[in-house]
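This briefing is meant for a reader who is meeting the structure for the first time. Please keep the sequence and the model at hand while working through the points below.

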Amino acid sequence: MAQTFVDLGYDVDVIHCENQKFVPWKPYDIIVDTRMNLQRLQPYLPSTCIKILHCDTAQIVYQNSAEMGRMLAFQQRKGRTVPPNRLEAPHLGVEHADYLTTCGNEFTVNTYTYSNKPMFRLPMVVQQMWPWPESKYFDVARHRFLWFGSRGMVHKGLDLVLEAFVRLPDCQLTIVGPVHNEPEFVDVYRKELFHTPNIKCVGWLDKSSEEFRLILEQSIAHVFPSCSEAGAAAVIESMAAGVIPVVSYESSIDVENFGFLLEDVSIETIMRQVSEIAEMSVDELSRRAKKAWEAAHNNHTPEKFSRSFRATVEMILAKHGRR
C-alpha cells in the first residue's frame, strides 16, 4: 500500500495500528486506516483529506456477535466457558471513512452494507507460495485432513472439527496453530488433542519450514469452519500448496469449482463432508487440488494485490479530481 502511494508521487508516513498518541502535524491528503485510528484522527484532518478504511475483519459488531454465538453454543454443548479471543470494542472507522476496502468476499462486504459506503475488493496476499506437489500420493492423502489457523480456537471452529474427527477414526486430522496459548480450550479437549489416535496437535509452525511443507503435502483438505473472517488467509495459504478448502460461508473464501462450502457448521455436516472427500476418486481429488493451487498462485500474489490496490486508488483519486 505504501509503495503504491510512493509510486504515485506521495510522501508516506506510517504509524502502528495501535498507536493512540500520534497527532497529525501537517495537512494530509489521504489516510488509510485498518481499525482504530480513523475515528480518533478525523478531527485533525483537513476536510479535503480522502479517508480509506481497509477492513481486515468482518464488521466488528457482526464479528463480536458471531464469536459470542459460538461461545454460547460451546458452553451449552460442553458445560464449560472459554474466554473470548477476538472480541473488540466497536469503533466508528466505517462511519468516518469515505471509502472501504477489504480482502474478503461477498460475506464480508455484506456485513458493511448498512453504511452505504463504496467498498472495493482486493485480493488476499499469500506469504508463502509452494510448487505444485508432484509427488503427492492422493490415494493416501484422501484420509488426511488439516486444521490450520491463528488464535481463537472456538471462533475458528476447531472445537467442531475435533468433535467431528473423534467420530471419524479412519480419517486423520493434523492441527497447526497456537492451541497451547488457550489453556481453557486445551483443558476441555485434552483427550481429543493429545490422546486420540487419529488426531495430532502439532502447535504453531514456521510457515516456511520443511515440517509445515510436509504436512501440507500429506493433507488432502483444510477444514476451516470459522464464524467470521475478511478472507481467511490461512486457507489461501494452504491452497497455495494444493490443499482443498472446506470452509464455512463466514470464512469469506471463494471456493468456486474446487473447494467445498459447508451447508452449515454442525458436527454432522463436517463429518459428512469429510467422509465424502475421503471416498472421492484420485482423479477428482487431484483436479480439485490443482485448481485450488492455481487459484492461489494466479490471484493472490503481492503483484496482483499491488495492481488491484493501485487501480482502486487511481479510481478514487480521479473521482476527487486529484492527479
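This is a predicted model: local features need pLDDT of at least 70, side-chain atom pairs count only at pLDDT 80 or more; totals for chains, interfaces and linings use all residues.

Which side chain meets that of Arg288 in a salt bridge? The partner is Glu284, and the distance from N to O is 2.8 Å.

**Salt bridges**

- Arg288 and Glu284 both belong to helix H13, which covers residues 282-299, and they stand four residues apart, about one turn of the helix.
- Within this pair, Arg288 is buried, with a relative accessible area of 13%, whereas Glu284 is partly exposed, with a relative accessible area of 24%.
- Another salt bridge is formed where the side chains of Glu88 and Arg35 meet, at 2.1 Å from N to O.
- Because Glu88 is placed in the loop between helix H3 (60-78) and helix H4 (93-96), and Arg35 in the loop between strand E1 (30-33) and helix H2 (37-41), this pair ties together parts that are 53 residues apart in sequence.
- Glu88 is buried, at a relative accessible area of 16%, while Arg35 is partly exposed, at a relative accessible area of 22%.
- Arg35 and Glu88 also belong, together with Asp56, to a network of salt bridges.
- The side chains of Lys156 and Glu229 likewise meet in a salt bridge, with 2.8 Å from N to O.

**The cavity**

- The structure holds one cavity of 30 Å³ or more, and the volume of the largest cavity is about 70 Å³.
- Which residues line the largest cavity? The lining consists of Thr34, Arg35, Leu53, Cys55, Asp56, Thr57, Ala58, Gln59, Ile60, His91, Val94 and Tyr112.
- Sorted by class, this lining has six nonpolar, four polar and two charged residues.
- Arg35 and Asp56 are among the lining residues, and both also take part in the salt-bridge network with Glu88.

**Buried residues and their contacts**

- Glu237 is located in helix H11, where it is buried, with a relative accessible area of 8%.
- The side chain of Glu237 is joined to that of Lys207 by a polar contact of 3.2 Å.
- Once neighbours within four places in sequence are left aside, the residues in contact with Glu237 are Val126, Gln127, Trp130, Phe148 and Lys207.
- Thr111 is found in the loop between helix H5 (106-110) and strand E4 (119-121), and it is buried, with a relative accessible area of 12%.
- A polar atom in the side chain of Thr111 lies 2.7 Å from the backbone oxygen of Thr108.
- If residues up to four places away in sequence are not counted, Thr111 touches Ala58, Gln59 and Tyr62; Ala58 and Gln59 are also among the residues that line the largest cavity.

**A pair separated in space**

- Arg272 has its place in helix H12, which covers residues 267-278, and this residue is partly exposed, with a relative accessible area of 39%.
- From C-alpha to C-alpha, Arg272 and Lys319 are 50 Å apart in space, and they are 47 residues apart in sequence.

**Positive phi angles**

- Asn116 has a phi near 60°, which is a positive value in a residue other than glycine, and its place is in the loop between H5 and E4.
- Ser252 has a phi near 65°, again a positive value in a residue other than glycine, and it is found in the loop between strand E9 (244-247) and strand E10 (260-261).
- Is each of these two residues buried or exposed? Asn116 is exposed, with a relative accessible area of 72%, whereas Ser252 counts as buried, at 3% relative accessibility.

Definitions and conventions
Residues are numbered from 1 along each chain as its sequence is written. Side-chain values use heavy atoms; hydrogens and water are left out. On a 1 Å grid over the protein atoms alone, a cavity is a set of points where a 1.4 Å probe fits but cannot get out, and a pocket is an open set with protein on both sides within 12 Å along at least five of seven lines; lining residues have an atom within 4 Å of a point. Grid points are joined across faces, edges and corners, and a volume is the space filled by probe spheres set on the points. Ala, Val, Leu, Ile, Met, Phe, Trp, Tyr, Cys and Pro count as nonpolar, Asp, Glu, Lys and Arg as charged, and the others, Gly among them, as polar. A salt bridge is a side-chain nitrogen of Lys or Arg within 4 Å of a carboxyl oxygen of Asp or Glu. Helices (H or I, at least four residues) and strands (E, at least two) are DSSP runs, numbered from the N terminus. Buried means under 20% relative accessible area, exposed over 50%, partly exposed in between (1.4 Å probe, protein chains only). A polar contact is a pair of N or O atoms within 3.5 Å; within protein, one must be able to donate a hydrogen and the other to accept it, and residues adjacent in sequence count only if both atoms are side-chain atoms. Contact means heavy atoms within 4.5 Å.
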